[in-house]
Amino acid sequence: MLRLLGWLFGFTLFCAFAAIGVAAVYLQQVSESLPDYTVLKDYQPPVTTRVHAADGTLLAEYARERRLFQPIETIPALVVDAFISAEDKDFYSHGGIAIDGIARALRDNVMAKIEGNDAIQGGGSTITQQVAKNFLLSAEQTWDRKIKEAILALRIESTFSKDKILELYLNEIFLGLNSYGVAAAALNYFDKALYELTPAEAAYLAALPKGPNNYHPFRRTKQAIERRNWVLDRMVENGYLEVADADQEKQQPLNVSPRTSGSQLFSAEYFTEEVRRQLGKLYGEAELYGGGLSVRTTLDPNLQGFARKALMNGLINYDRSYGFRGPVASVDISGDWGEAVNAVKPLSDVPEWTLAVVLSVDANEAQVGLRPETDVDGKIVKDRVTGTLSGPDVKWVSKKLGAVLKPGDVIYVSEVDGKADHYTLEQVPEIEGALVAMDPRTGRVLAMVGGFSYAESEFNRATQAPRQPGSSFKPIVYSAALDNGYTPASVVLDAPIEIVNADGSVWRPENYAQSFYGPQTLRVGIEKSRNVMTVRLAKDLGMPLISDYAKMFGIYDNLTPVLAMALGAGETTDMRMTAAYATIANGGRRIVPTLIDRIQDRYGKTIYKHDERVCDGCNAETWTQQAEPLIIDNREQVLDPMTAYQITAMMEGVVQRGTGTYAKSLNRPVAGKTGTSNDYKDAWFIGFTPELVAGIYIGFDTPKSMGKQATGGEMAVPIFAEFMGDALNGKPPTPFNMPAGMTQVWIDPATGVKATAGGAAIYEGFKPGTGPNLVTSVIGVNSDAFNAIEQGQNAGVDPSQDPTQDVNQGRGGLF
């Protein structure tokens, strides 16, 4: 028996040593295959890029993993206590693994095995083990992974402080709603910073690591509240909360209000999307969606709202003049009309309008049911609301409501001021347009609207729609003339002219009124937008010079040097045209339009800034009686400041006496120029004051005539006037300053000769060495001039000329 016992003891001892040896070999192999945990020292998680307006308003967030890195020092104790209570109450006392947790996990796996479940049961992992798994291992449920996780946890604990491990965990953990880390989760669930969270909110976030979908705030509200309350109880057990406080917090609803991604300001979607494109080009998609960039843009939210309102009003007014086109959709209302209209998706960026379904209609009145409010899952959360659509409130519809609507029609409506439960009919316009507002001194884009609705069309007509600017290009031609010997008083002949094109065809440019006016001063030529005299002027200057000026102003990269281009036949964008006028407004300094002021990386280091002016003396650490810092404007001077003032003064005349007189209502110095392309396909107005320039373009996306009344003066100028009236409301008028060295003389605008002050005389600015005409003279007129004047002064258009000929084939802009 003793021999048998000795043999058994020896065999057991052998087996034990063998097992230890096998385990040692296994652990050695596992250790050699472990990832390098020291990479956690250089942890740089993907962080959300945030885009802000000039005043700090959040415009947009871009991320594939919505994360905001939060140093452990800035994470409130309440949040730390909640997560430690829910996930690892002994975190600050164990060495990386918890023996009691391992015992519970072994028990759970044995019980599962007995019940016939071969899957590895989770649980038992400390926060340190979760860091090892989340950063260095996969999520597969195997014994190998659990063993590796434990070994890594021990090594991590020996290398990093507890606070560093907790910082890694709280910034990496996935908490649902595409939220990674506690800071992003606080914003995405509650729209709060961490320090603003209540105990109930912190407890709910701490409940989510076990499985965000299991405790979804809307789909599994009951389970979510139960789990949150369980965390509150654990906080009480661990001494972080008083019982009374926890009981009070348990009575609170979840109060989850998911934060939207993308643009946060409904009026600025076109602007933020253009910023996103530019960031992608500058830094690539990976940095855009994970680099944690902080972008300060140039956008002024107030001006953006004014710009959106002015453009929308202009587009709607034009569209209404052509009547009601029909409903958005038609649905079956024999059942629940709320569910029926709820299936039709509204424009998300036109909150002033509401979708409604026609419930009944008589001759000139309809009862409508408004689209009900829904939650994030699209479920109706409020009772049905009905209202009245009355004919007198829809005066723009020429027919009776009963003739254009029927039950089941889905339409847009908006509230009627001062009449409860009464609505007026709305319709999304077919016409489109753009508005760009810019600081002429810096090129900072203060507002940009690229169309009626970004939700309907993401195409940005301010930057992506090349269109013919028509006569709004003429100031560039006249600037070239003023830079090269002409004065505002110079006289050019407005009489019939024939241009033989390279292909042998003959071009006979005409004026908008299809008449000719004889000798005209440059001032009158631009105020009245004379096409024919502009062509003569460009012919005298030479189109290569005009092309050079167009390039210097940034309107075109390469303008074909043919005379039709002098009338705006080439295609450009609203952004480029507005920047060109900003160059004139600031005295001739070339500006590069920008939507971005500054970009900082995740560490706060400035990696981009738009303003490249040199500040001499700004780096002084102390004041030692030195002069104040001097900002040196190193931008290219593309136009003589005196020329810039002259063309500005001439464009003031466009507003006072010419094609832009609607803007006189602003009652302040305003300069600008209208533009209408051939066949009324495009309408423009670009105008400015000393502190603000705005460019408006109107037209169909697929170019077609807008009608004979659709000129720049009729369509674009009212939009400009409304925007500028709102933007400059309460600000005193600012005059355009004349550069030193110039003189002003009263002239007769018809002849350019000196005149007595008063009446129709103009107080014109002249450069040194120039002045009024001594006698009426016509520059560049040949020996047949007066015959041409006599024959052409009242001549109409050549009847043989095709009035539908395209501008690119030789006809110029109108005005």
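## A walk through the predicted model

The chain has a mean pLDDT of 86, and 85% of its residues reach 70 or more; pLDDT is the predictor's confidence in each residue, on a scale from 0 to 100. This is a predicted model, so local features need pLDDT of at least 70 and side-chain atom pairs count only at pLDDT 80 or more, while totals for chains, interfaces and linings use all residues. Residues are numbered from 1 along each chain as its sequence is written, and side-chain values use heavy atoms, with hydrogens and water left out.

Over residues 782-790 the pLDDT stays under 50, and the model has seven contacts beyond four places in sequence for them (contact means heavy atoms within 4.5 Å). Residues 792-815 also have pLDDT below 50, with 71 contacts in the model beyond near neighbours in sequence. Where pLDDT is low, the predicted coordinates should not be read in detail.

Now for some helix packing. Helices (H or I, at least four residues) and strands (E, at least two) are DSSP runs, numbered from the N terminus. Helix H2 (residues 77-87) packs on helix H9 (residues 221-237) at an angle of about 100 degrees, and their axes are 9 Å apart. Axes here are lines fitted to C-alpha atoms, for helices over the stretch in contact, and angles run from 0 to 180 degrees between N-to-C directions. That makes H2 roughly perpendicular to H9 (the label covers 65 to 115 degrees; under 35 is roughly parallel, over 145 roughly antiparallel and the rest oblique). From H2, Leu78, Asp81, Ala82, Ser85 and Ala86 meet Trp230, Val231, Arg234 and Met235 of H9. By class, this contact of H2 with H9 has six nonpolar, one polar and two charged residues (Ala, Val, Leu, Ile, Met, Phe, Trp, Tyr, Cys and Pro count as nonpolar, Asp, Glu, Lys and Arg as charged, and the others, Gly among them, as polar).

H2 has another partner: its axis and that of helix H6 (residues 162-172) come within 12 Å and cross at roughly 90 degrees. H2 is therefore roughly perpendicular to H6. Val80, Phe83, Ile84 and Glu87 of H2 make the contact with Leu166, Tyr169 and Leu170 of H6. Six of these residues are nonpolar, none polar and one charged.

Elsewhere, helix H11 (269-290), helix H19 (574-585), strand E17 (596-600), strand E18 (606-609) and strand E19 (614-616) each supply at least two residues of the lining of the largest pocket. By class, that lining has 14 nonpolar, eight polar and 14 charged residues.
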